[in-house]
Amino acid sequence: MVRKILSIDGGGIKGVFPASFLSTLEESTGKRITEHFDLIVGTSTGGIIALGLGMGLSAKEILQFYEEFGPGIFKGNRFIRAIRQLGIAKYDSAPLKKALVAKFGDRKLGESTNRLVIPSVNLETGEVHVYKTSHHPRFERDLHERIVDVALATSAAPTYFPTHRSDAGTPLVDGGIWANNPTGMAVVEAIGVLEWPRDSIKVLSIGCTTEPLDIGMARNHSLGSGYWAPKMVSLFMSTQSFSSHGTAQLLAGHANIVRINPSMPTNRFSLDGILEITSLKGLGSTEARKALPAVRDFFNEKVETFTPYHALTV
């Protein structure tokens, strides 16, 4: 039996790209994403997409969520944002929370129709904090977590949004700190936790676009923090993604990992670039049509219905 995994990167408003990509696949194949994947893993904006799919939304509905609420989530007075950058997060999380509540209300992770894995990071301990559906006998607590809280935790990107506090008081931030590209983590979950045979795994991994790594003079000079500080995040993200993808290929085989992550010119898109939503939507549709021959096998057969080990109780 083939086990199919969908992995979605983090990337802020650039989540419009994978949402549009998946929406176009649904339109082209006439099939629902959720009915053709055994495990869905997403980080940050990819986590929100994964949660939406698990809650039964079509990819088109998730794309519409970004189009409707994205501008408000990343909107604000430029002067106030500049002041915020000096000491506090660039954006208030209230518009994001309001949008999530409007879409998901009080629904819980335990209502998901798919196996989900959504990473975040615990700032108190420095440990990873991964939300999971009850797809293993020992996973019996997260099913009671509200979708809104899981989404806020995985997308609380440092400098962009405030740290999210769980009901228990745990300070949580964006899962992208650890696994912005969660493909490797997804394959490890499949083999190490679900015990699926490695030769049965096929992964569709979708990024939020990438751009060439720009470290300039650092290749030839020993430079200090003043030069490196603004470049460290992009370097970290690039190496993390490369490592994650390589892990997945090593464990499941190169031929079983399909990676969609188009390279764009430097600064073409940004995590909060709401003016480019339409362009990201168009790019997602175009890339989906190009990739259709390579991903059609994912839609040949529906997967088995997911039955959790533990059910929600009233």
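Analyst: The second largest pocket is lined by His 129, Val 130, Tyr 131, Arg 141, Asp 142, His 144, Glu 145, Ser 166, Asp 167, Ala 168, Thr 170 and Leu 172. A pocket here is an open set of points on a 1 Å grid over the protein atoms alone, with protein on both sides within 12 Å along at least five of seven lines, and a lining residue has an atom within 4 Å of a point. This is a predicted model, in which local features need pLDDT of at least 70 and side-chain atom pairs count only at pLDDT 80 or more, while totals for chains, interfaces and linings use all residues. Residues are numbered from 1 along each chain as its sequence is written, and side-chain values use heavy atoms, with hydrogens and water left out.

The space in this pocket comes to about 300 Å³, a volume being the space filled by probe spheres set on the points, which are joined across faces, edges and corners. Strand β4 (residues 128-132) gives the most to the lining, with three residues. Helices (H or I, at least four residues) and strands (E, at least two) are DSSP runs, numbered from the N terminus. By class, the lining holds four nonpolar, four polar and four charged residues. In this count Ala, Val, Leu, Ile, Met, Phe, Trp, Tyr, Cys and Pro are nonpolar, Asp, Glu, Lys and Arg are charged, and the others, Gly among them, are polar.

Now to the salt bridges. The whole structure has twelve of them, each a side-chain nitrogen of Lys or Arg within 4 Å of a carboxyl oxygen of Asp or Glu. One joins Arg 146 and Asp 149, at 3.2 Å from N to O. Arg 146 is partly exposed at 21% relative accessibility, whereas Asp 149 is buried at 9%. Buried means under 20% relative accessible area, exposed over 50%, and partly exposed in between (1.4 Å probe, protein chains only).

Another salt bridge pairs Glu 35 with Lys 302, at 3.6 Å from N to O. Glu 35 sits in the loop between α1 (16-29) and β2 (39-42) and Lys 302 in the segment after α11 (277-295), so this pair ties together parts 267 residues apart in sequence. Glu 35 is partly exposed at 32%, and Lys 302 is exposed at 59%.

Lys 281 and Glu 67 also meet in a salt bridge, their closest N and O atoms lying 3.0 Å apart. Lys 281 belongs to helix α11 and Glu 67 to helix α3 (residues 59-73), which puts the partners 214 residues apart. Lys 281 is partly exposed at 33%, and Glu 67 is partly exposed at 31%.

Helix α8 (residues 183-193) is mostly covered, with eight of its eleven residues buried. Among them are Met 185, Val 187 and Glu 189. Just after this helix comes Glu 195, with a positive phi of about 60°. Glu 195 lies in the loop between α8 and β7 (201-206) and is exposed, at 64% relative accessible area.

Most residues other than glycine have a negative phi. Ser 44 has a positive phi near 55°. Its place is in the loop between β2 and α2 (45-54), and Ser 44 is buried, with a relative accessible area of 6%.

Definitions and conventions: 1 Å grid on protein atoms, 1.4 Å probe; cavity = no way out; pocket = protein on both sides within 12 Å on 5 of 7 lines; lining within 4 Å.
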